[in-house]
Amino acid sequence: MAEGTQIYLLPVSTSSSSKEVKSSPPASPKSQDASQLSQRLLIEKQQEEAEWEIINTLLMTHGLKPLCLVKRTDLKDLIVFDKQSSQRMRQNLKVLMEETARQQKMIQELIDCNQQLKNELQLEQKRADCQEQRANDLEELMEGVKSKVGELEDKSLHRVCQQQSKIKGLQKEQRALQMKCQHYKKKRAEQQEMITSLQKEMCRLRKEEEDRVVTQNRVFSYLCRRVPHSVLDRQ
């Protein structure tokens, strides 16, 4: 439906309700039935106009121009619908407006979802950038650690070489000391044997000296008993 076009609808009940009901004195039952019919048609017309006002409100809510209800009997340039067609048109317009509202709601939800996905994508991109930067920092740190480890390995290798050289020198000194120790042990054993031999010789000489003294004393005593002596000699 184009926005620049206004459609004038003339309900079929308008021609009947446009005539004013004049007050009259009590009439026949036939007149009373006609009056009740006019009253009922007037109420239906008012209800139909209220329904069209609701439709117009929906149309204006969606940016469309409202429909105009005419209250004249001149049918020139007018399209007249019967009551059933008018009701069906109102129902179709309601369905169309509800479908339009549903589609607009769906479009808004899609827009919101798209914006949410866009925000999430930006957030993930920021996280990816942070992770990439962190990976680069870790890679630089790893390179620094590798360089430091290489330096420490070189220093450790140099120390190991020095330690091995010292160990070889100490082992050589240890072998020399062991040889000296064995030499000194051997010399000590020889000296110990010599001391033992000298101790035996001293014991032998001491015993010989003791035997010689005993023998000398025995001979002296014997000689003293056999040769007379004076008192002076005895003294």
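The following questions and answers go through a predicted model of one protein chain.

Local features in this predicted model need pLDDT of at least 70 and side-chain atom pairs count only at pLDDT 80 or more, while totals for chains, interfaces and linings use all residues. Residues are numbered from 1 along each chain as its sequence is written, and side-chain values use heavy atoms, with hydrogens and water left out.

Trainee: In what order do the elements of the protein chain run from the N terminus on?
Mentor: Helices (H or I, at least four residues) and strands (E, at least two) are DSSP runs, numbered from the N terminus. The protein chain has 4 helices and 3 strands. From the N terminus on, their order is β-α-α-β-β-α-α.

Trainee: What percentage of the residues of the protein chain count as buried?
Mentor: Buried means under 20% relative accessible area, exposed over 50%, and partly exposed in between (1.4 Å probe, protein chains only). The protein chain has 235 residues, and the share that counts as buried is 9%.

Trainee: Which residues are linked with Glu201 in a network of salt bridges?
Mentor: Glu201 has a salt bridge to Arg204, at 2.0 Å from N to O. Glu201 is partly exposed at 34%, and Arg204 is also partly exposed, at 37%. The network joins Glu201 with Arg204 and Glu208.

Trainee: How much accessible area do the residues of the nonpolar patch have together?
Mentor: Patches are made of residues with over 30% relative accessible area and no salt bridge, with like charges joined within 9 Å and nonpolar side chains (Val, Leu, Ile, Met, Phe, Trp, Tyr) within 5 Å. Leu138, in helix H3 (residues 83–226), is partly exposed at 47%. Accessible areas come from the Shrake-Rupley method with a 1.4 Å probe, and for residues only the protein chains shown count as cover. For Leu138, Leu141, Met142, Val145 and Val149 together, the area is about 440 Å².

Notes. A salt bridge is a side-chain nitrogen of Lys or Arg within 4 Å of a carboxyl oxygen of Asp or Glu.
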